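Hi,

Here is the structure I promised to pass along.

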Amino acid sequence: MSIVFTLLAFPSCSEEKEHTAPAIHERDSVSVMTSYGVNTLISDSGVIKYKIVTERWDVNTVRTPSRWTFIKGVFFEQFDEQFRVQAYVQADTAWYYDQKKLWELRGRVRVRNVNGMRFSSEELFWDGMAHELYSNKFSVLYTPERTLQGTYFRSDEKMTRYTVSNSQGSFVKSDVESEPAGAAPSTVPGDTASAVPVVRPAATKRAATPKNPLQP
């Protein structure tokens, strides 16, 4: 009887077991497009208006909200109709929420235009729907006439009018007037600055990164 039991038990001990990993349900963690060494010209109405340069560009349309991610940093140039550079924008990290038309720039954020206006901060949002720029971090704004520093910045997207609260810096005497304690922050007319508008993906190609005009 013991021999029979051994023979019957042996096949059950030798059965192979299939080892499988659990299914991956986090589909939103995967980008639908990843491009490296991007140097892309963007056209508007058949005219080349913008250029975007980045080491890595990820596009994810599954995440909520959908977004483009520039984890290795991003650099923009904006051109006029004669293909002359009008403005530069750069950041260490950036996200573009395409459905909201909202840019979120982080790290060493730098903006400069051909009129000499420069903006520096660790954060900058550009709302393409509201047509405004804003930052809740310490920011420095340089113009040919003045230098402003503050912990809150808001401006129209062309930087023709801007507000800096909790500010300090140098002013032209005619720019400011005495205000009562607790008054709202002053809105100071500034020089014209062109913000980089919403861009759409285009064909990408590998190219050497040009010299950065925002670096000293």
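Below is what I found, starting with the whole chain and then going to two neighbouring residues.

One thing before you dig in: this is a predicted model. The protein chain has 216 residues, and 36% of them count as buried. Its secondary structure comes to one helix and 15 strands. If you take the contacts between residues at least 6 apart in sequence, 45% of them join residues at least 24 apart. As for the surface, the chain exposes about 13,500 Å², with carbon and sulfur atoms supplying 52% of that.

Now to the loop between H1 and E1, where Ser31 is found. Ser31 is partly exposed, because its relative accessible area of 29% falls between the 20% and 50% cut-offs. Leaving aside neighbours within four places in sequence, Ser31 touches Asp58, Val59 and Asn60.

Val32 sits in the loop between helix H1 (2-13) and strand E1 (33-44). Is Val32 buried or exposed? It's exposed: the relative accessible area of Val32 is 52%, and the cut-off for exposed is over 50%. Setting aside neighbours within four places in sequence, Val32 is in contact with Val59, Asn60 and Thr61. Asn60 is 28 residues away from Val32 along the chain, yet their C-alpha atoms are separated by 5.5 Å. Val59 and Asn60 turn up in the contacts of Ser31 and also in those of Val32.

Cheers

Methods:
Residues numbered from 1 in each chain as written. Predicted model: local features only at pLDDT ≥ 70, side-chain atom pairs only at ≥ 80, totals over all residues. Heavy atoms only, no water. Helix = DSSP H or I, 4+ residues; strand = E, 2+ residues; numbered from the N terminus. Buried < 20%, exposed > 50% of the residue type's maximum accessible area, 1.4 Å probe, protein only. Contact = heavy atoms within 4.5 Å. Areas by Shrake-Rupley, 256 points an atom, 1.4 Å probe, with all protein chains shown as cover.
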